[in-house]
Structure formats: structure tokens, C-alpha cells
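Colleague: Could you take a close look at one part of this model with me? I would like to go through it slowly, starting from a single side chain.

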Amino acid sequence: MNSREKKFASTIYARKNKISLTINGQLYKLEIGEEAGKVDPSDTLSFTLRETLGLTGTKESCDSGACGACTVLMDGKAVLSCMQLTVECDGKSIVTIEGLRDPRTGELDKLQQSFIDHTAFQCGFCTPGMIMSAKSLLDENPSPTEEEVKMALSGNFCRCISHYQVIEAVMDAAKKGR
Ligand code: FES
Ligand code: FES
């Protein structure tokens, strides 16, 4: 998001003083302002998740919508959190990589486990975004073809070239049923 767009949003939301977000099932009421701990109208969702709320599982790389590292689910759909202003997400339900494991048992989501089983990563930086994009796909289409998996992950870049293992991991998770 460029500085002009951020400035525009700042003027629109300058008069609002609070927003609510449900993140991984927990309700957050966040004040809008420039002080530490508040949400500046120009803050992106990825910034708020990582820097304000400490949910650092969501990664930020390009900060311009080009790599997919920052992918989270918003109301069930995969979105690039670096391209969303937090103030515009008021009332939304967000799921990050931290929200995938079972909160009671700690058991990993089948996709997370499948990435481990297939060693579908090297440095792991792109992995949360890959998993969240795959999660959105399998929620909508539990039995995708390999082509559909490739298409769903086409916006997620892996600089370690783990794409082959990622596709295997997603196909295997789909086969096992989620
Ligand atoms: S950090 Fe959001 S798309 Fe790259
Ligand atoms: S595992 Fe390193 S960028 Fe994908």
C-alpha cells in the first residue's frame, strides 16, 4: 500500500476512535491513535498483527502485495494482510497461522502436519502464508486437483524453491480429509 493511499485512509478514519477485530476467536477492541499500543489509521493489518499484537507468525516481506508471505484468512477468505488497512477491517474475523492448531489439545491442523511430514519448507519464511492460502482453498474445495492447488498458491512465492513439496503436502492433506 503506497503512502498516498495510507494518507487517504488516515483522513477517512481520523474521527473513528475504536475498532473491533476477532482474531483467532478472540475479540480485540483496539483504540485508534498514534500512541504505542494503538492502531494508527495508516497501519496495515500485517503491521498490527505483528507489531501491536505480537502475532509474528504472519510474515511480512515485500509489503506490497507481491509475495503472499503475509496471507491470513479474513471472514474465511485468504487475503494479503499487508494490503489491508487495519481500520478497514473493523468487525472482521481474522485467522492467522497461530489460530490453526486446536486451542484445547494443541494438535496441529492437518495442513500444518502435512507440511512437516513432507518437509515442505527450508527456511520456513513463506510457510505461514502458504498454509493459510492452502487452508482457504481446502475449506472451499476439499478435493482440489493439482492444477487447482497450483492456482491457489500462485501468489505465494518461496525463495527456497520448496514448491514441489508444498504441492505434495497440500494434496496429501486433502486426501486425508480435513
Ligand atoms: S508481504 Fe504481503 S504480499 Fe508480500
Ligand atoms: S521455505 Fe524459504 S522462502 Fe519458502
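Modeller: Happy to! Please keep in mind that this is a predicted model. Asp90 sits in the loop that links S4 to strand S5 (93-95). Setting aside residues up to four places away in sequence, Asp90 touches Lys16, Lys18, Ile19, Ser20 and Leu21. Asp90 counts as partly exposed because its relative accessible area is 30%, which falls between the 20% limit for buried and the 50% limit for exposed. For a sense of distance within the fold, Gly68 is 22 residues from Asp90 in sequence, and their C-alpha atoms are 22 Å apart in space.

Thr48 belongs to helix H2 (residues 45-52). Its relative accessible area is 0%, so Thr48 is classed as buried, the limit being under 20%. Apart from neighbours within four places in sequence, Thr48 is in contact with Leu30, Val39, Asp43, Leu53 and Thr86.

Now let us step back to the wider setting. The protein is divided into domain 1 (3-97) and domain 2 (110-176). To the contact between them, domain 1 brings 17 residues and domain 2 brings 15 residues. Taken over C-alpha atoms, the centres of the two domains are separated by 24 Å. Between domain 1 and domain 2 an area of about 1,200 Å² is buried, and carbon and sulfur atoms give 61% of it.

The side chains of Lys77 and Glu140 form a salt bridge, with 2.7 Å from N to O. On the side of domain 1 that touches domain 2, the elements giving two or more residues are strand S3 (71-74) and strand S4 (77-80). S3 gives the most to that side, with 3 residues. By residue type, that side of domain 1 divides into 8 nonpolar, 6 polar and 3 charged residues.

Conventions
Residues are numbered from 1 along each chain as its sequence is written. Chains are lettered from A and ligands numbered from 1 in the order in which they are written. This is a predicted model: local features need pLDDT of at least 70, side-chain atom pairs count only at pLDDT 80 or more; totals for chains, interfaces and linings use all residues. Side-chain values use heavy atoms; hydrogens and water are left out. Domain bounds come from an automatic or database domain assignment. Contact means heavy atoms within 4.5 Å. Buried area is the accessible area (1.4 Å probe) that two parts lose on being put together, summed over both. A salt bridge is a side-chain nitrogen of Lys or Arg within 4 Å of a carboxyl oxygen of Asp or Glu. Helices (H or I, at least four residues) and strands (E, at least two) are DSSP runs, numbered from the N terminus. Ala, Val, Leu, Ile, Met, Phe, Trp, Tyr, Cys and Pro count as nonpolar, Asp, Glu, Lys and Arg as charged, and the others, Gly among them, as polar. Buried means under 20% relative accessible area, exposed over 50%, partly exposed in between (1.4 Å probe, protein chains only).
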